[in-house]
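Please look through the structure shown here alongside my comments, which take up the charged pairs and then one of the helices.

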Amino acid sequence: MHIQLVSFDNEHQPAIRAVRNTVFIEEQRIDPGLEYDGLDDDAVHVLLSIDGQWAGTGRMLEDGHIGRIAVRKEFRGLGLGARVVQALVEEAARRGLKRVWLGAQKYATGFYQKLGFTPYGDEFLDAGIVHISMEKNLI
């Protein structure tokens, strides 16, 4: 397994898009116009590969907002999603951020709670999917 922090540049964009297109656009039927919101260029991204195949990705915006966590179906159940989130949390701490936060799809709240995130606020719809806001304090 290889995990790296990258930017949404010409070198890494195809791999990031390949994972997100498979998980969000094909599997979850999210509109590409919603998936690609114009914020990727200003985010730090994680790319995770196994045996040369792109398996997972995620991003964090400058304000500590984590999102677009995706692991391709054939690689699920191996703890890769947790590795992606942990890499982003570690990068946030390295940057001196006081907290990270995200909008978790409701079914995934248990996953994020195991990683130290706490839910707050009311449920909301994003791309037609029920979400809940969650945060993790870093200090």
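1. A salt bridge here is a side-chain nitrogen of Lys or Arg within 4 Å of a carboxyl oxygen of Asp or Glu. Please keep in mind that this is a predicted model; by that definition, the structure holds 12 salt bridges.

2. Arg-20 pairs in this way with Asp-40, and their closest N and O atoms are 2.9 Å apart. The pair links distant parts of the chain, since Arg-20 sits in helix H1 (residues 13–27) while Asp-40 lies in the loop between helix H2 (32–35) and strand E2 (44–50), 20 residues apart. Arg-20 is buried, with a relative accessible area of 1%, and Asp-40 is buried as well, at 4%.

3. Glu-123 forms a salt bridge with Lys-106, with 2.7 Å between the closest N and O atoms. This pair, too, links distant parts of the chain: Glu-123 belongs to strand E6 (residues 118–126), and Lys-106 to the loop between strand E5 (99–105) and helix H4 (109–114), 17 residues apart. Glu-123 counts as partly exposed at 45% relative accessibility, and Lys-106 counts as partly exposed at 43%.

4. Which residues do salt bridges with shared partners join into one network? They are Arg-20, Glu-35, Asp-37, Asp-40, Arg-59 and Arg-68.

5. Helix H3 (residues 80–94) has 15 residues and reaches 21 Å from its first C-alpha to its last, close to the 21 Å expected at 1.5 Å a residue. Its buried residues include Leu-80, Val-84, Leu-88 and Glu-91, and H3 is followed by Gly-96, whose phi is positive, near 85°.

Methods. Residues numbered from 1 in each chain as written. Predicted model: local features only at pLDDT ≥ 70, side-chain atom pairs only at ≥ 80, totals over all residues. Heavy atoms only, no water. Helix = DSSP H or I, 4+ residues; strand = E, 2+ residues; numbered from the N terminus. Expected span 1.5 Å × (residues − 1). Buried < 20%, exposed > 50% of the residue type's maximum accessible area, 1.4 Å probe, protein only.
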